[in-house]
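Hi,

Here is the structure I promised to pass on. Please have a look at it first, and then read my notes below.

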Amino acid sequence: MSDKQPVLELRNVDKSFGPIDVLHEISLKVGEGEVLCLLGDNGAGKSTLIKTLAGVHQPTNGEIFMDGELTTFSSPREAQERGIATVHQFGGTYPLMSVGHNFFMGMEPTKGFWPFKVYDREKANRIAVEEVQKMGITRITDGDRLVGGLSGGERQSLAIARAVYFGARVLILDEPTAALGVKQAAHVLRIVNEAKKRGLAVIFITHQVMHAMAVGDHFAVLIRGAIAADFRKGDKTREEIADLMAGGESMADLEANIEGYMETHEGHVPPPAH
Ligand SMILES: Nc1ncnc2c1ncn2[C@@H]1O[C@H](COP(=O)(O)OP(=O)(O)O)[C@@H](O)[C@H]1O
Ligand SMILES: [Mg+2]
């Protein structure tokens, strides 16, 4: 995708809340049919970054481009209308509503004419089940089923299928697999691959390296609000990525120490510690 125009691009984005600087000079891009994995420990700024992409926050500095065009999202609704769909850990679904209702959520098909217009339950259910099945979730066969009875993975899948159906171009998943068991997580990862195949640009946030490696084309590691590493699939092993995430903080300190030493010692590296 590298020579194609990215769907979404951030250039030097900073985000502060009053005196608290949370994001520093974030530059990232994601293209059609590409999965960008955003890795980072708790508190690294991952959620703040995606909220900035989804119109919840506005960047303090820097620019966001969509299809090469400088863009601002002044509200989550505006971001949504431009095709940015965010799916949170529990899929954002309503447990006491049916699969059909959850799929359409305010966009339900109707039948008949005013003043006799009513919710077309059959049609809603049929489309919802079809779309979810197309994404490979064959266990959902009844659109009347309450979402509360679905597994965590199935709920996520429903939310992703809905985003795809309603024409999302960028799918942002904030730790979708964090609370899931192995099988359920595999479920969601399969759906992420499916969304990618359909040409969505996916931003997948996780601190589970294995999950990232199963779907990622491109990886960025966020440490204390800055991109500490940015690499493509195959560039690093699982161990290297894990070290980077786990030891990233101390590695950054170490590097700063070494640089500082070199500056004051005519370019010599520090002697090994004992
Ligand atoms: N609205 C806010 N006001 C002040 N600080 C915030 C706000 N939102 C997030 N932060 C701070 O930004 C840092 C990163 O948080 P967050 O983006 O939630 O990290 P992550 O999702 O990687 O765990 C934390 O130190 C958090 O306290
Ligand atoms: Mg978070």
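To begin with the overall picture, 68% of the contacts in the protein chain with a separation of 6 or more are between residues 24 or more positions apart. Please bear in mind that this is a predicted model. The protein chain has 8 helices and 12 strands, and its C-alpha atoms fill a box of roughly 85 × 40 × 35 Å along the principal axes. Of the 274 residues in the chain, 39% are buried.

An open sheet with mixed pairing is built from 6 strands, in the order 6-9-10-3-11-12. Strand 6 (84-87) and strand 12 (226-232) are its edges, each pairing on one side only. From one strand to the next, the twist averages 15°. Helix 1 packs on this sheet and touches strand 3 (35-39), strand 6, strand 9 (170-174), strand 10 (201-206) and strand 11, with its direction at about 155° to that of strand 9. Helix 6 (residues 182-197) packs on the sheet too, where it touches strand 3, strand 9 and strand 10; its direction makes about 155° with that of strand 10.

How many of its residues are buried? The count is 6 of 6, so strand 11 is largely enclosed by the rest of the structure. His218, Ala220 and Leu222 are buried on one side, and Phe219, Val221 and Ile223 are buried on the other.

With strand 12 the run is antiparallel, joined by 6 bridges. Val221 is bridged to Ala229 in strand 12, while Ile223 has Ala226 as its partner. Strands 11 and 12 form a hairpin with 2 residues between them, and Arg224 in the turn has a positive phi of about 45°.

Finally, the ligand. Which residues are found around ligand 1? They are Phe17, Ile20, Val22, Gly40, Asn42, Gly43, Ala44, Gly45, Lys46, Ser47 and Thr48. By type, this shell divides into 4 nonpolar, 6 polar and 1 charged. Strand 2 (20-30) and helix 1 (46-53) each supply at least two of the shell residues, and helix 1 gives the most, with 3.

Best wishes

Technical notes:
Residues numbered from 1 in each chain as written. Chains lettered and ligands numbered in written order. Predicted model: local features only at pLDDT ≥ 70, side-chain atom pairs only at ≥ 80, totals over all residues. Near = placed C-beta within 6 Å. Helix = DSSP H or I, 4+ residues; strand = E, 2+ residues; numbered from the N terminus. Nonpolar A, V, L, I, M, F, W, Y, C, P; charged D, E, K, R; others polar. Pairing = 2+ DSSP bridges. Axes fitted to C-alpha atoms, helices over the stretch in contact; angles between N-to-C directions. Contact = placed C-beta atoms within 7 Å. Buried ≥ 20, exposed ≤ 12 C-beta atoms within 10 Å, placed from the backbone.
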